[in-house]
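Let's take a look inside a protein model together. Have the sequence and the 3D view ready, and follow along as we go.

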Amino acid sequence: GRYDEARALFLTAPRDCLGELHATRGALDLRGLIVPIARTAVRAALDDLGRRPEERQFGDDVSLLAPETGEVAILTGRGKSSGQASLRSAIVQLFKEEYPRLACFEDSEDPGRLVVDASSLLPESA
């Protein structure tokens with residue numbers, strides 16, 4: 001569907017068209033991205049976590065899971081610059097609508113950082 005098309009475009013588009021996406025160990029940095037691209041980036045990253053390591057699009061050397069905690073941090077910014085507050089709220093809304101079983105919350109020490117709880121990333125028991 002439309003998500004598959006958006007994901008394919010996101011993963012193959014030149015970074016100068018989309019802006020720079022920074023994925024580092026334990027974090028997905030969305031700061032500076034517009035909301036539709038940031039939403040697609042989050043969907044692609046979560047989809048990637050469900051794939052075998054050799055099939056991942058973000059590369060073998062980058063794990064979005066923090067090694068100490070197994071959490072994923074999503075950096076949206078604190079809202080001091082134009083659009084960052086709306087970016088954070090758009091990502092929170094994305095989790096509520098499309099990933100309700102994933103526990104996503106604002107970091108109490110850094111309001112520009114959302115955290116996806118490690119235990120909610122585990123596959124549900126059959």
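Which residues line the largest cavity? Keep that in mind while you turn the model around, and remember that this is a predicted model.

## The hole inside

Here's the answer: the largest cavity is lined by Leu28, Val42, Ala45, Leu46, Leu49, Leu64, Val72 and Ile74. It holds about 30 Å³ of space. If you count cavities of 30 Å³ or more, you get one. How do you spot a gap like this? Rolling a probe the size of a water molecule over the atoms shows where empty space is left.

Now check out what kind of residues sit around the cavity. By class, the lining has eight nonpolar residues, with no polar and no charged ones. Helix 3, which covers residues 35-49, and strand 3 each supply at least two residues of that lining. The largest share comes from helix 3, with four residues.

## Strands side by side

Strand 3 spans residues 72-75, and strand 5 spans residues 110-116. These two pair in the antiparallel sense, over four bridges.

To find a spot where they face each other, look for Cys104, which stands opposite Val116 in strand 5. Strands 4 and 5 make a hairpin, and two residues lie between them.

## A charged residue tucked away

Back to helix 3, where you'll find Arg43. Is Arg43 buried or exposed? Its relative accessible area is 14%, so Arg43 is buried, since the cut-off for that is under 20%.

What does the side chain of Arg43 make a polar contact with? The partner is the side chain of Glu98, at 2.8 Å.

## Two rings together

How many aromatic pairs does the model have? The count comes to one. That pair is formed by Phe95 and Tyr99, with 5.8 Å centre to centre and 50° between the planes, and it counts as tilted.

Why does Phe95 count as buried? Its relative accessibility is 3%, and buried means under 20%, so Phe95 falls in that class.

Conventions:
Residues numbered from 1 in each chain as written. Predicted model: local features only at pLDDT ≥ 70, side-chain atom pairs only at ≥ 80, totals over all residues. Heavy atoms only, no water. Pairing = 2+ DSSP bridges. 1 Å grid on protein atoms, 1.4 Å probe; cavity = no way out; pocket = protein on both sides within 12 Å on 5 of 7 lines; lining within 4 Å. Points joined across faces, edges and corners; volume = space filled by probe spheres on them. Nonpolar A, V, L, I, M, F, W, Y, C, P; charged D, E, K, R; others polar. Buried < 20%, exposed > 50% of the residue type's maximum accessible area, 1.4 Å probe, protein only. Polar contact = N/O pair within 3.5 Å; in protein donor to acceptor, adjacent residues only side chain to side chain. Phe/Tyr/Trp six-rings, centres within 6.5 Å; stacked < 30°, edge-to-face > 60°.
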